[in-house]
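Welcome! Open your viewer, keep the selection tool handy, and follow along one stop at a time.

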Amino acid sequence: MRKTSAVLASLSLAALALTGCSVTASSADASCDRSGHDNGIGEAVSVEGEVGSMPEVDIYAPLRLTETSYTDVVTGDGRAVVDSTQPIIAQLSIYSGETGEQVFTTSYDADNTRASSIDSWAAQAPGLKEVLECATAGTRVVAGLTPEDFGENNLKGFGMAEDDTAVFVVDVVDAFHSRAEGSLQFNDAQGMPTVVRAPDGTPGVIIPDGPAPEEQVVQTLILGDGEKVTKDDAPLVHFTAVDWEDKSVLQSSWGQQATDQMAQIAAPVAEALVGRPVGSQVLVVLPKTENSAAMAIVVDILGIAPASSSAP
């Protein structure tokens, strides 16, 4: 909606010993400073409505910015987004700073929303990386992206001028774990892999020299305190799978988008997660079969995907 106004806003792993009582991901660290990026955007854009619902937005147009700017008009008290691949639920609307008109909106429908991440949004509009870093769940952000940070293709695709400022209203509805968080568990099974963790939670799996178990083995390495996974859930996870014989990494989601497709990737592993609480880290050793080699799979349960994620 346009208003006339004089307001113009020109897998390298650091091995860690498994000591102590718990493993927790830091919330926003000392480098997470979301102040000082407003540059007048908060005065030029007014927003009403609840976080997670379609906002009512008034822009004092034309709005022009010389650098990407943002402000939190609502600050949530949920989990901080401390990793660019951390799963989040976000809804957003985009407006032309020149005209004040809406050019794009997500559905604002929880039943038809999949988990995303900072990286997935930044791949579409690079400026969103800065805008979303360290935001907390429950936060509503108003941002203005320069043409460079929004992208030439986006400007053309939305019918915006090449020098237009893209105004975003982003709701960080929810933020899931970035890695397992909880109490370390003692496991005394002999001949099992050892798991070490980098500072960001990325696991390294050390396979022993002995033979792989002949039957599936499941161990809880970190016990979370979230809701328990049910057989009907699609848990959001990071995982690393290692070949037992040659000790090579077969597949890993770390450094990429978390997945809710473990049932399709490895059904026995998905079944082993049922009954485990969110925040847990689970080791699953699958024995050798006629069709596959023995392998060890470490899974961090980050959350439960929205119901739509598991729909066909």
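## Before you start

Colour the chain by pLDDT, the predictor's confidence in each residue, from 0 to 100: the chain mean is 89, and 88% of the residues reach 70 or more. Now select residues 1–21, where the pLDDT is below 50 and the model has 56 contacts beyond near neighbours in sequence; a contact means heavy atoms within 4.5 Å. Next take residues 25–30, where pLDDT also stays under 50 and the model shows 10 contacts beyond four places in sequence. Where pLDDT is low, the predicted coordinates should not be read in detail.

This is a predicted model, in which local features need pLDDT of at least 70 and side-chain atom pairs count only at pLDDT 80 or more, while totals for chains, interfaces and linings use all residues. Residues are numbered from 1 along each chain as its sequence is written, and side-chain values use heavy atoms, with hydrogens and water left out.

## Stop one: an open sheet

Switch to a cartoon view and find the five strands that form an open sheet in the order β5-β8-β9-β6-β7, with antiparallel pairing. Strands here are DSSP runs of E, at least two residues long, and helices are runs of H or I, at least four, numbered from the N terminus; two strands pair if DSSP finds at least two bridges between them. At the edges are β5 (69–74) and β7 (102–105), each pairing on one side only.

Zoom in on β8 (residues 139–145) and β9 (residues 166–175), which are antiparallel and share seven bridges. Select Leu 145 and you will find Ala 166 of β9 standing opposite.

## Stop two: the residue Asp 171

Stay on β9 and pick Asp 171. Is Asp 171 buried or exposed? Asp 171 is buried, with a relative accessible area of 0%; buried means under 20% relative accessible area, exposed over 50%, and partly exposed in between, using a 1.4 Å probe and protein chains only. Beyond four places in sequence, the contacts of Asp 171 include Glu 50, Ile 89, Tyr 108 and Arg 140.

For another aspartate, go to Asp 58 in strand β4 (residues 56–61). Asp 58 counts as buried because its relative accessibility is 18%. Try the distance tool from its C-alpha atom to that of Val 47, 11 residues away along the chain: the separation is 6.6 Å.

## Stop three: two nonpolar cores

A nonpolar core is a set of buried Ala, Val, Leu, Ile, Met, Phe, Trp, Tyr and Cys residues joined through side-chain atoms within 4.5 Å. Which members of the largest core touch the most other members? Select Val 131, Leu 145, Phe 150 and Phe 168, out of 25 residues in that core. The elements β6 (88–96), α2 (118–122), α3 (128–132), β8 and β9 each supply at least two residues, and β9 gives the largest share, five. Apart from this core lies another, of 19 residues, including Val 229 and Val 284.

Return to Val 131 and show its contacts: among them, beyond four places in sequence, are Arg 34, Tyr 70 and Leu 145.

## Last stop: strand β17

Finally, select β17 (residues 295–304), where 10 of 10 residues are buried. Strand β14 (residues 235–243) runs antiparallel to β17, joined by nine bridges; look for Leu 236 and its bridge partner Gly 303. Strand β16 (residues 281–286) also pairs with β17 in the antiparallel sense, over six bridges, and there Val 285 has Ala 296 as its bridge partner.
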